Structures are given as C-alpha cells and as structure tokens.
Amino acid sequence: VHPEIFQSPITEKEELLPGFFYLTIESPVLAKRSVPGQFVMVQVTNAKDPLLRRPFSLCSAADGKVGILFQVKGRGTAIMSGWEPGESINIMGPLGNGFGVHQSCPAAYLVAGGIGIAPLLFLSTFLVSADSGIAVKIFMGGRSAGEVSLLSRFDLSACDVFFATDDGSKGFHGLVTDLFDDYVTTDHGFLRGNSIIAGCGPLPMLQTLSRIASREESACQLSLEAHMACGVGACLGCVTATKQENGFSYKRTCVEGPVFSGSDIDWDHMQLPVCRSAALR
Ligand SMILES: Cc1cc2nc3c(=O)[nH]c(=O)nc-3n(C[C@H](O)[C@H](O)[C@H](O)COP(=O)(O)OP(=O)(O)OC[C@H]3O[C@@H](n4cnc5c(N)ncnc54)[C@H](O)[C@@H]3O)c2cc1C
Ligand code: FES
C-alpha cells in the first residue's frame with residue numbers, strides 16, 4: 001500500500017502524564033490500511049521551521065481513527081503538545097513494514113522501554129482482537145511507577161502485564177530486559193520457538209533483548225527508531241546496519257523497517273552512520 005498524505009482532525013487529546021500525550025485522529029482510510037508496527041510522519045507546522053515531519057508509531061487504528069502516543073522531546077513534539085481537538089493535522093502514512101504475525105504461534109512477549117510501548121499496544125490489541133488464542137504478555141519498563149502508569153489508559157485486561165522500574169517503585173527493581181530474562185529462565189512456562197518476541201525502546205535494551213532471544217533460540221522482532229527526514233526511502237538518512245554474508249549493509253529504517261529481526265541487525269555497526277537528517281531538523 002502506498003503511503004498517502006491525509007488532512008485529518010484531532011478528535012481527542014489526553015495528557016496521560018506530564019509530557020506524555022495521546023492524540024486520537026479521525027482518518028478512516030489511514031486507519032483501515034495500517035497494521036501494527038507501521039508509523040506515520042506528522043507535519044508539525046505549516047511554516048518552514050521545524051522543516052521536517054516527525055515519525056510516530058501508530059498506537060491504535062480502529063473505527064476510522066488512529067492513535068498516537070508521544071513524549072515531548074524537543075521543538076516538534078512541544079508544538080504537537082499544544083494541539084487541541086478540532087484542529088486538522090497533516091499526516092503521511094502508513095509507512096514501514098510492521099510486525100510479522102503468525103496465527104499459529106502460542107504466545108507473544110512484548111517488551112517495551114518507556115514510550116517504546118506505543119507500537120506494542122497496537123500489536124497487543126491486534127493479537128487479542130484477532131481472537132487467535134495467542135497469550136499476550138507485556139513487559140513494561142520505565143523510570144518509575146509514574147512513567148509505567150501510562151498503561152492505565154489502555155484496556156489490557158486480556159493480557160498479562162509485568163512492570164520493571166529503575167527506582168523499584170513498581171514491579172521489578174531494575175531493567176525490563178532483566179525482568180524478561182528472569183521470566184524466561186525461571187519456570188513461568190516460557191514458550192520458545194515460534195512464539196512472538198517483539199521489542200521497542202532504547203537501542204541497548206533492544207540489543208539485550210536480541211541476545212536473550214538468540215540464546216533461547218527464538219526469533220525476535222525489534223522496532224527501531226532512527227532520525228528520519230523523508231520517511232519514504234529517498235534520503236538514506238535513517239539507515240540500520242544489517243548483517244550480510246561478507247560483512248554488513250545498510251537498510252532504510254523507514255522502508256525495510258522500522259521492524260527488523262534481531263538476528264539481522266549488525267550491532268557493531270549500528271552507531272556508525274552519520275545522521276544527515278539530524279542537521280536539517
Ligand atoms: C519509526 C519511529 C517511530 C517513533 N514512534 C514514536 C512514538 O510512538 N512516540 C514517541 O514519543 N516518539 C516516537 N518516535 C520518536 C520521535 O519521532 C521523536 O521523539 C521526535 O521526532 C522528536 O522530535 P522533536 O522535534 O520533539 O525533537 P528534536 O528537537 O528533533 O530532538 C529532541 C531530542 O530527541 C532526539 N530524537 C529526535 N528524533 C529522534 C528519533 N527519531 N529517534 C530517537 N531520538 C530522536 C534528538 O536526538 C534530540 O536529542 C519514533 C521514531 C521513529 C523513527
Ligand atoms: S527517512 Fe529518508 S530514507 Fe528513511
């Protein structure tokens with residue numbers, strides 16, 4: 001499906017925590033075409049500055065509406081935090097490849113670091129509503145109980161949810177990957193093989209998740225973030241290093257990703273590319 005540009009009204013804006021917003025946007029065609037793991041490029045202003053669209057994962061797509069969960073980081077997201085229901089915004093999508101879902105898999109383990117939960121919420125809703133019998137388990141990590149309380153906005157009653165916080169104020173005291181590792185290595189009935197392991201969050205977290213999955217001889221799908229300028233494969237500003245037979249090659253995170261198989265990523269070369277789009281932002 002080719003991405004399109006939509007002029008779509010915001011129907012709801014919620015500030016879930018200071019600096020964390022959920023926007024509901026009416027966009028029936030976009031909602032119908034989107035699958036979990038895909039993203040949109042949002043134009044933050046009609047003026048020329050900031051120039052570039054900002055990428056956001058789709059957190060939901062149903063009933064003619066899409067949802068975006070975002071954290072204020074810099075100028076673009078600060079502008080977005082000022083938008084109100086009724087305003088019409090310019091979004092391009094759906095973009096990227098999305099998560100692969102095999103209906104025959106018995107369980108899905110979704111591991112998130114902070115705002116990385118956004119695409120995994122869409123995936124969990126999809127898996128639960130497909131009535132596939134897949135057991136969905138969400139591992140949510142954050143700095144504190146406050147940050148992981150983001151999840152209370154969403155109906156996750158059909159999933160098992162486990163929390164990890166850096167300060168120990170909710171759930172496991174430590175990294176979400178340590179929590180997941182504990183889960184896998186102690187007797188919780190972890191199902192290897194063709195279960196889904198999906199992750200989104202900071203790069204070191206994803207690298208650790210990839211190591212755990214490979215140790216357990218399980219595939220994992222990682223949704224990567226990269227600075228993006230065009231979002232459609234033209235600028236090569238968003239590349240991810242992937243393993244090849246005789247070395248490595250770069251793939252465009254916006255087209256061949258943002259979801260990559262953990263075993264395909266060449267972690268040693270991930271920091272190398274100079275981000276061209278960063279200079280334009
Ligand atoms: C495929 C994809 C999906 C994403 N989904 C979400 C989402 O669902 N929710 C969400 O809150 N954010 C998401 N992001 C990150 C989001 O795009 C950035 O936070 C946003 O572009 C920052 O814009 P800004 O103008 O506010 O910040 P800027 O002023 O441009 O930058 C502020 C800080 O954020 C860092 N930053 C900017 N862009 C990115 C980026 N793409 N990845 C990592 N760090 C960045 C900069 O290095 C800088 O430190 C996603 C990014 C990608 C590539
Ligand atoms: S953002 Fe331009 S090629 Fe990916």
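## Helix H5 and its surroundings

The buried residues of helix H5 (176-185) pack against strands E8 (107-113), E9 (135-142), E10 (160-165), E11 (172-173) and E12 (196-200), and against helix H6 (203-215). Contact here means heavy atoms within 4.5 Å, and buried means under 20% relative accessible area, with exposed over 50% and partly exposed in between (1.4 Å probe, protein chains only). Helices (H or I, at least four residues) and strands (E, at least two) are DSSP runs, numbered from the N terminus. The model is predicted, so local features need pLDDT of at least 70 and side-chain atom pairs pLDDT 80 or more, while totals for chains, interfaces and linings use all residues. Residues are numbered from 1 along each chain as its sequence is written, chains are lettered from A and ligands numbered from 1 in the order in which they are written, and side-chain values use heavy atoms, leaving out hydrogens and water.

Which residues of H5 are buried? They are Val176, Thr177, Leu179, Phe180, Tyr183 and Val184. Viewed down the axis of H5, these buried residues fall within an arc of 155°, so they line one face of the helix; the arc is that of the directions from the helix axis to the C-beta atoms.

## Two nonpolar cores

A nonpolar core is a set of buried Ala, Val, Leu, Ile, Met, Phe, Trp, Tyr and Cys residues joined through side-chain atoms within 4.5 Å. The largest one has 31 residues, and Leu69, Leu110, Ile117, Leu120 and Leu121 have the most contacts inside it. Two or more residues each come from strand E2 (20-26), E8, helix H3 (117-129), E9 and E12, with H3 giving the most, six residues.

Beyond its neighbours within four places in sequence, isoleucine 117 touches Leu69, Ala112, Ile138, Met140 and Leu151. A second, separate core of 25 residues includes Leu179, Phe180, Tyr183 and Leu224.

## Aromatic rings

The whole structure holds ten aromatic pairs. Rings of Phe, Tyr and Trp (its six-membered ring) pair if their centres lie within 6.5 Å; planes under 30 degrees apart count as stacked, over 60 as edge-to-face and the rest as tilted. Phenylalanine 56 and phenylalanine 70 are edge-to-face, because their ring centres are 6.0 Å apart and their planes at 65°. Phenylalanine 56 is in strand E4 (residues 54-57) and phenylalanine 70 in strand E6 (residues 65-71), so this pair ties together parts 14 residues apart in sequence. Both phenylalanines are buried.

Elsewhere, ring pairs link Tyr109, Phe139, Phe162, Phe180 and Tyr183 into a cluster. Charges also sit over rings (NZ of Lys or CZ of Arg within 6 Å of the ring centre and within 35 degrees of the ring normal): lysine 170 lies over the face of phenylalanine 163, 4.7 Å from the ring centre.

## Salt bridges

Nine salt bridges are found in the whole structure, each a side-chain nitrogen of Lys or Arg within 4 Å of a carboxyl oxygen of Asp or Glu. In one of them, lysine 13 meets glutamate 84 at 3.1 Å, N to O. Lysine 13 is in strand E1 (residues 4-17) and glutamate 84 in the loop between helix H2 (75-81) and strand E7 (88-95), 71 residues apart.

Arginine 153 forms a salt bridge with glutamate 14, the closest N and O atoms being 2.6 Å apart. The charged end of arginine 153 also sits over the ring of tyrosine 22, 4.4 Å from its centre. Arginine 153 counts as partly exposed at 31% relative accessibility, whereas glutamate 14 is buried at 16%. Finally, Asp181, Arg192, Arg215 and Glu216 are linked in a network of salt bridges.
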